[in-house]
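Subject: Handing over a structure

Hello,

Here is the structure I promised to pass on to you. My notes on what turned up in it follow just below.

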Amino acid sequence: MVELNLEEMKKIQLGILDAVADFCDKNQINYWLDSGTLIGAVRHKGYIPWDDDIDLGMLRPDYDRFLELFNKENPVYKAYSVENNPDFLYPFAKVLDTRTVLYEPDEKGVKSCVNIDIFVYDNAPDDDRKVAKMYKKRDKYVSLHNVRVRLYLSKNRPLVHLIKKLIYPFLLVFPKNYFAKKIVKNSTKFKRKDTKRIGNFTSITKVCCDKELFAGSVPVEFEGKIYKAPQGYDAWLTAFYGDYMKLPPEEKRVPHHSFKAYRIEGDKDD
């Protein structure tokens with residue numbers, strides 16, 4: 001295998017993004033640039049300079065259709081989630097380039113492929129107390145999930161590290177993605193209800209927004225190409241980040257992920 005540097009990995013991520021965007025347009029599946037990727041598009045017309053990943057968003061009906069259809073016609077890029085892969089570890093989806101290998105944070109961590117994230121947005125109850133209850137349950141499952149798959153054993157906080165090590169043996173009775181499935185079950189609690197809002201109950205944010213923000217799309221530029229953003233992207237980003245056009249302090253302008261990525265020898269980009 002040949003180790004990839006950050007720029008090579010970004011090129012692969014952009015290839016995945018193009019494949020997903022083209023597929024969604026062809027199949028009338030709504031998607032949007034999400035999170036830091038959407039900020040990057042609006043503020044920088046590309047990656048946030050210190051960012052290292054790509055995030056997309058979909059409403060649950062589009063997300064389900066995407067997962068049902070995408071893998072049937074793409075031999076290189078594969079979309080996985082707990083809904084279609086019994087071994088998948090995350091409560092949201094990833095689209096992977098199967099010609100690569102990625103370890104997070106290193107060879108002792110989770111093995112995957114170079115990928116982009118697809119976050120799913122579900123119906124949120126109109127009652128704020130019920131929303132808070134869903135997020136509280138989500139956070140509990142996220143903590144248990146992270147310890148179960150040993151993703152975030154902090155080296156800088158010895159007491160937290162010790163507590164997690166003590167809990168870990170008791171969690172071994174559960175399959176690795178048991179709590180990821182619990183997160184999904186909690187997220188889809190109002191799937192069949194006609195609510196006015198949506199929320200991201202499978203990630204780490206605690207924001208709900210009006211569905212009308214996603215009733216249509218507007219074009220935005222990202223790394224020299226045009227992709228989709230929600231028609232209400234300004235309200236969406238403001239709800240998540242506040243003044244998202246303001247740069248963070250220099251000490252916070254650092255990548256949020258740690259990984260090593262490789263290309264499988266004999267495979268090259270088209």
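Phe 88 and Tyr 90 are both buried, where buried means under 20% relative accessible area, exposed over 50% and partly exposed in between, with a 1.4 Å probe and protein chains only. Their ring centres are 5.6 Å apart and the planes meet at 65 degrees, so this is an edge-to-face pair. Rings of Phe, Tyr and Trp (its six-membered ring) count as a pair if their centres lie within 6.5 Å; planes under 30 degrees apart are stacked, over 60 edge-to-face, and the rest tilted. Lys 94 lies over the face of Tyr 90, at 4.9 Å from the ring centre. For such a charge over a ring, NZ of Lys or CZ of Arg must be within 6 Å of the ring centre and within 35 degrees of the ring normal. Another case is Lys 10, whose charged end sits 4.4 Å from the centre of the Tyr 47 ring.

Before you read on, please note that this is a predicted model: local features need pLDDT of at least 70 and side-chain atom pairs count only at pLDDT 80 or more, while totals for chains, interfaces and linings use all residues. Residues are numbered from 1 along each chain as its sequence is written, and side-chain values use heavy atoms, leaving out hydrogens and water.

Phe 214 and Trp 236 form an edge-to-face pair too, at 4.6 Å centre to centre and 85 degrees between the planes. Phe 214 is in the loop between β10 and β11 (217-222) and Trp 236 is in helix α7, so the pair ties together parts that are 22 residues apart in sequence. (Helices, H or I with at least four residues, and strands, E with at least two, are DSSP runs numbered from the N terminus.) Both residues also belong to a cluster of ring pairs with Trp 32, Tyr 121, Phe 240 and Tyr 241.

Now to helix α7 itself (residues 233-241), where Trp 236, Leu 237 and Phe 240 are buried. These residues span an arc of only 90 degrees around the axis, taken from the directions from the helix axis to the C-beta atoms, which puts them on the same side of α7.

Finally, have a look at Tyr 31, in the loop between α1 (6-26) and β2 (32-33). Tyr 31 is buried, with a relative accessible area of 2%. Beyond its neighbours within four places in sequence, its contacts (heavy atoms within 4.5 Å) include Leu 56, Met 58 and Tyr 227.

Best wishes
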